[in-house]
Amino acid sequence: MTRSRHSHRKKGMPLLPKLLALSLGTWAVGVVVTWDYLMVVRIGLYAAPILMIAAAVLAVLALLHRARVTALAMFVIAAGLFTPQAPTLLRAMVPERPIAPSIELLSVISLSNRTLNLDVRSTANVVRAEDVDLFLLQEVADPLALIDAVESLAGPSLHHCHEGTYLVFSKYPLGPPMPDVWSGMMACEAYLPSGPTWVGTVHLPRGVTTMASQTKVMDHLLALFEDMPGPKIIGGDFNATPLSSPVQRMEMRMENAFAQAGKGFGFTFPTPARRIGFAGPFLQIDYIFHSQDFQTVQAMVMETHPPFADHFPIKALLRPVATGQDFDRD
């Protein structure tokens, strides 16, 4: 029997990959046209690492089935999602180089502690164990109880500043909370050896279903930053991923410590305290930002966390670069 001349041609892509590629392509068009103002587009940005991998797999599958246009489209989407995090992802392939202890380095940790976390002692143990210069906390159910718990543990006396569910511990003196600060942030002045520095701890509303509340708080915070002269260090739970508007708007004003010196995806949520965290974190929503008065030497997501906190802490080592003053703890 004579074979058809088309018999050696590969069949087109299976239906399911075709539908996935079409859906991903439609979502990408939505990103280009609306950025993250449509809910379905915004949800996709939260899952950007997964979509990047899916697009790369679909590109290879399309090439195997000679669907060149689909392959090109999926490759463009994968590359577009990879590019913003390329520095941190490529850094993850380089072996870690130990950072020599230095008196001029400022260590900062930010932790969203989860308001439902009533295990004050475990949180106090983490604050003491990490022994950093600045520890920024959000979603603290009882700041006074946490302050008492920290002071009851062995260790040097720490300064503190608190308001609402926000709390800052510092090895250096702190001023009172900035007055008239709207919901979403607490800021106080830290008298660091490198000079007075505004230290802020932020918690933005959830932004998966609607951006209205996040945008309202961000507008206020960005206006507030303009009224805070001098160096700034801002850390917290932004409930937004690196491709989302709140984070990108912050990056227009300040430096993102993890983007400067972190490795990998920087996932900080969720911990096993949330059932969806059984397989590990899958969202980067916690950040440390700073003004150009500092340079990020190292940034990382920490594995240790209070057992009932639902975020992993993020840590940064910063070097003052603008003042030229000696960084002396005495």
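Strand β1 (residues 106–112) and strand β12 run antiparallel and are joined by five bridges, where two strands count as paired if DSSP finds at least two bridges between them. The model is a predicted one, in which local features need pLDDT of at least 70 and side-chain atom pairs count only at pLDDT 80 or more, while totals for chains, interfaces and linings use all residues. Residues are numbered from 1 along each chain as its sequence is written, and side-chain values use heavy atoms, with hydrogens and water left out. Helices (H or I, at least four residues) and strands (E, at least two) are DSSP runs, numbered from the N terminus.

- Strand β12 (residues 314–320) is mostly covered, since six of its seven residues are buried; buried means under 20% relative accessible area, exposed means over 50%, and partly exposed lies in between (1.4 Å probe, protein chains only).

- Strand β8 (residues 232–237) is joined to β10 by five bridges, and the two run antiparallel; G235 stands opposite I288 in β10.

**Nonpolar cores**

- The largest nonpolar core has 25 residues, and those with the most contacts inside it are M185, F225, M228, I234, F238, M250 and F289; such a core is a set of buried Ala, Val, Leu, Ile, Met, Phe, Trp, Tyr and Cys residues joined through side-chain atoms within 4.5 Å.
- At least two residues of this core come from each of β6 (185–192), β7 (195–203), α8 (212–226), α9 (245–253) and β10 (286–290), and α8 gives the most, with six residues.
- Leaving aside residues up to four places away in sequence, F289 touches a set of residues that includes I234, F238, V247 and M250.
- A second, separate core of 23 residues includes V108, C188, L192 and V199.

**Cysteines**

- The structure holds zero disulfides, a disulfide being a pair of cysteine sulfur atoms within 2.5 Å.
- The closest cysteine sulfur to that of C161 is in C188, and because the separation is 3.2 Å, the two are too far apart for a bond.
- Both of these cysteines are buried, C161 with a relative accessible area of 3% and C188 with one of 0%.

- Four aromatic pairs are found in a search of the whole structure; rings of Phe, Tyr and Trp (its six-membered ring) pair if their centres lie within 6.5 Å, and planes under 30 degrees apart count as stacked, over 60 as edge-to-face and the rest as tilted.
- F265 and F267 form a stacked pair, at 5.0 Å centre to centre and with 0 degrees between the planes.
- F265 counts as partly exposed at 22% relative accessibility, and F267 is partly exposed with a relative accessible area of 22%.
- F238, Y287 and F289 form one aromatic cluster.
- P49, placed in helix α3 (residues 48–64), touches F265 and F267 when residues up to four places away in sequence are not counted, and P49 counts as buried at 13% relative accessibility.

**Helix α2**

- In helix α2 (residues 39–46) the buried residues are V41, R42, G44, L45 and Y46, and the buried residues of α2 pack against α1 (15–34), α3 and α8.

Key:
Contact means heavy atoms within 4.5 Å.
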